[in-house]
Amino acid sequence: MAHPHHGNDFPQTAEIILSLPFILGIVIYLFMMIYTNKQGRKWPIYRAFLWVSGSFLSLIAVAGPLAELSHTDFRVHMIGHLLLGMLGPLLMVLGAPVTLLLRSLPVRQARRVTKLFRSKIAEFLSHPLVTSTLNIGGLWVLYTTNLYVMMHEYMWLHIVVHLHVFLAGYLFTVSMIYIDPIPHRRSFFSRSIILVLALAAHGILSKYIYYTPPIGVPPYEAEVGGMIMYYGGDAVDLIIIIILCAQWYKATKPRVHRKQKLASI
Amino acid sequence: MEISGKEQAYKIQYASRNLWSGVLFGLGMVAFLDEALFHQILGWHHFYDKSTTEIGLLSDGLFHAFSWFATVGSLFMVADLRRRNGFWLKRWYGGVLLGAGGFNLYDGIVHHKILKVHQIRYDTDNLFLYDVVWNSIAAVILIIGIIVTLKTRHMLKRSNS
């Protein structure tokens with residue numbers, strides 16, 4: 001079975017362009033952490049660990065041996081997609097980068113950042129319906145049109161698609177579980193409903209890929225790839241579901257019992 | 001005496017939440033067992049069947065996602081009921097049986113037979129027998145669930161009067 005191929009220079013250039021933001025992200029994060037620690041406010045080390053490991057998993061999906069193999073093998077491509085679009089972004093969100101940023105900036109600049117987050121565009125981009133559409137809708141377009149095969153032909157398309165997969169995955173996670181401060185908050189109930197619908201669309205697309213291989217993908221690879229997408233998606237979404245429910249549980253803590261406790265002391 | 005009376009009042013107050021938490025957990029548990037036992041361990045169910053209808057794919061996808069969320073959500077509901085001293089075990093497992101039996105029956109009739117998502121087993125000549133056993137077990141679980149739930153309803157009525 002012939003695989004889509006490309007010129008020799010394109011993979012390396014694309015790898016450098018795509019990995020640069022993640023490397024910069026790690027460096028800036030650690031720099032900010034050292035800065036705030038020096039100022040006397042200890043930043044939890046586990047957050048740094050989450051940010052670095054999430055960045056690293058995203059990074060190996062766009063550069064290195066895994067990324068190279070994913071050009072020719074759809075199964076590897078799907079593992080890369082799970083890392084770049086789901087697990088990597090989730091771990092990075094749990095690193096609470098915006099909280100760290102606001103802590104390390106001078107007050108005036110921190111205010112400017114929060115103003116940006118309160119803007120209409122931020123409201124739009126953090127709405128779970130919008131992020132779900134960007135995330136799952138983007139994947140539907142990628143795997144059901146000739147975009148998948150085109151992505152291997154044109155470097156700029158390759159870069160845009162990978163950036164989109166990561167950013168859509170990140171925004172999706174941000175819109176579902178609130179780790180960093182987020183001005184436009186949605187109810188737990190509406191987020192849960194949209195999360196279930198997004199998860200369903202992801203699962204249905206996985207099965208669709210299983211029996212309708214994307215253009216240029218051999219049937220066997222599509223079958224295994226579809227199953228990797230299905231079960232891998234379930235695994236990562238389980239973490240999101242548990243965190244969302246735990247936040248819900250915490251937020252609905254009954255007040256009466258606290259009063260009773262206080263009275264009994 | 002007074003404490004148990006208070007707990008009784010909490011149980012009554014959260015009666016429907018106990019039931020719903022049970023239904024959601026029953027549904028989620030059955031979907032999980034279906035996946036673990038029949039898809040993975042026994043390998044009877046297939047990941048995809050060529051005769052699946054489009055609506056079958058949609059229904060299967062929605063139920064799968066919903067059951068995944070329901071398993072986790074219902075257990076957090078149990079934790080919530082417990083911290084409110086309102087957990088009512090009998091009403092809860094009545095709900096579990098309702099959810100488990102109801103979903104199994106839906107799976108066995110709508111998913112397997114009408115929407116043809118997949119069959120119970122492929123390497124057999126007597127699929128009909130499998131279908132009968134599957135749906136009978138589901139119906140029995142559902143009926144026990146209805147009986148248990150009705151019994152707790154009697155308790156509800158008694159305490160109201």
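Predicted model: local features only at pLDDT ≥ 70, side-chain atom pairs only at ≥ 80, totals over all residues.
1. Take residues 132–150 of chain B. This span is 100% helix and 0% strand. Its end C-alpha atoms are 27 Å apart.

2. Next, a helix pair in chain B. Helix H4 covers residues 89–114 of chain B, and helix H5 covers residues 127–160 of chain B. Their axes come within 7 Å and cross at roughly 150°. Angles over 145 degrees count as roughly antiparallel, so H4(B) is roughly antiparallel to H5(B). The crossing of H4(B) and H5(B) is left-handed. By class, the residues of the H4(B)–H5(B) contact are 14 nonpolar, eleven polar and four charged.

3. Helix H2 (residues 45–62) of chain A and helix H4 (residues 74–94) of chain A have axes that come within 7 Å. They cross at roughly 165°. H2(A) and H4(A) are therefore roughly antiparallel to each other. The crossing of H2(A) and H4(A) is left-handed.

4. Which residues make the contact of H2(A) with H4(A)? From H2(A) they include Leu50(A), Trp51(A), Gly54(A), Leu57(A) and Ile60(A). From H4(A) they include Gly80(A), Leu83(A), Leu87(A), Pro89(A) and Met92(A). The classes are 14 nonpolar, six polar and no charged residues.

5. Now the contact between the chains. How many residues does each chain contribute? Chain B gives 18 residues and chain A gives 21 residues. On the side of chain B that touches chain A, twelve residues are nonpolar, three are polar and three are charged.

6. Finally, confidence. The predictor gives the complex an ipTM of 0.88 and a pTM of 0.90. Chain B has a mean pLDDT of 87, with 97% of its residues at 70 or more. Where in chain B is the mean pLDDT of an element lowest, and where is it highest? Helix H1 (residues 2–13) of chain B has the lowest, at 73. Helix H3 (residues 54–83) of chain B has the highest, at 93.

Key:
Residues numbered from 1 in each chain as written. Chains lettered and ligands numbered in written order. Helix = DSSP H or I, 4+ residues; strand = E, 2+ residues; numbered from the N terminus. Contact = placed C-beta atoms within 7 Å. Nonpolar A, V, L, I, M, F, W, Y, C, P; charged D, E, K, R; others polar. Axes fitted to C-alpha atoms, helices over the stretch in contact; angles between N-to-C directions. Parallel < 35°, antiparallel > 145°, perpendicular 65-115°, else oblique. Left-handed = near helix turned anticlockwise from the far one by under 90°. pLDDT = per-residue confidence, 0-100.
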